[in-house]
Amino acid sequence: PLGTAGRRRTVSDLIDQPARERFCREWDRNFAVSANAGSGKTTAISRRLAAMALSPEGAAALRRTAVVTYTRKAAGQIGQKARQALLRQLRESGTV
């Protein structure tokens, strides 16, 4: 999609970017993620879970984390994407 002045949109064009960054960075907070289909909810949740799993301080928080969704399909997608994100991060770090 095109942003202002006919240029391609970037992540910095998102009006909720500060909230997205908080979601990725602040593990000691509770968040409710609500957005339209295709907005990146599943990806954001999956990346957060993978980052927590790989971090020494995040591992404790992960044990206290609950992800609630309305459908089994969405729950399965979050689990699958979280595993994929975790494996990708492990490969990129040279651990796998």
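A pocket here is an open set of points on a 1 Å grid over the protein atoms alone, with protein on both sides within 12 Å along at least five of seven lines. Its lining residues have an atom within 4 Å of a point, and its volume is the space filled by probe spheres set on the points, which are joined across faces, edges and corners. Keep that handy for the pocket stops.

Before you start clicking: this is a predicted model, where local features need pLDDT of at least 70, side-chain atom pairs count only at pLDDT 80 or more, and totals for chains, interfaces and linings use all residues. Residues are numbered from 1 along each chain as its sequence is written, and side-chain values use heavy atoms, with hydrogens and water left out.

**Stop 1: the whole chain**

Show the cartoon. You get 4 helices and 0 strands, in the order α-α-α-α. Helices (H or I, at least four residues) and strands (E, at least two) are DSSP runs, numbered from the N terminus. Of the 96 residues, 18% are buried, meaning under 20% relative accessible area with a 1.4 Å probe, protein chains only; exposed is over 50%, and partly exposed is in between. Among contacts (heavy atoms within 4.5 Å) with a separation of 6 or more, 46% join residues 24 or more positions apart.

**Stop 2: helix α4**

Select residues 72-93. That's α4, with 22 residues and a reach of 32 Å from first C-alpha to last, close to the 32 Å expected at 1.5 Å a residue (that is, 1.5 Å times one less than the number of residues).

Now colour Ala74, Ile78, Ala82, Ala85 and Leu90, which are buried. These residues sit on the same side of α4 because they cover an arc of only 140 degrees around the axis, taken from the directions from the helix axis to the C-beta atoms. The buried residues of α4 pack against α2 (41-54).

At 45% relative accessibility, Gln80 is partly exposed. Draw a distance from Gln80 to Thr42: C-alpha to C-alpha they are 9.9 Å apart, though 38 residues apart in sequence.

**Stop 3: the largest pocket**

This one holds about 830 Å³ of space. Of its 32 lining residues, select Phe31, Val33, Ile45, Val67 and Val68, which lie nearest the centre. Helix α2 gives the most to the lining, 7 residues. The lining splits into 16 nonpolar, 11 polar and 5 charged; Ala, Val, Leu, Ile, Met, Phe, Trp, Tyr, Cys and Pro count as nonpolar, Asp, Glu, Lys and Arg as charged, and the others, Gly among them, as polar.

Stay on Phe31, in the loop between α1 and α2. Phe31 is partly exposed at 30%. Beyond neighbours within four places in sequence, Phe31 is in contact with Arg22, Phe23, Glu26 and Arg48. Phe31 and Val67 are 9.8 Å apart, C-alpha to C-alpha, and 36 residues apart in sequence.

**Stop 4: the second largest pocket**

Here there's about 620 Å³ of space. Select Asp16, Arg20, Ser39, Gly40 and Ala44, nearest the centre among 21 lining residues. The elements giving two or more residues to this lining are α1 (17-25) and α2, and α1 has the largest share, 7 residues. The lining comes to 10 nonpolar, 5 polar and 6 charged.

Methods:
On a 1 Å grid over the protein atoms alone, a cavity is a set of points where a 1.4 Å probe fits but cannot get out, and a pocket is an open set with protein on both sides within 12 Å along at least five of seven lines; lining residues have an atom within 4 Å of a point.
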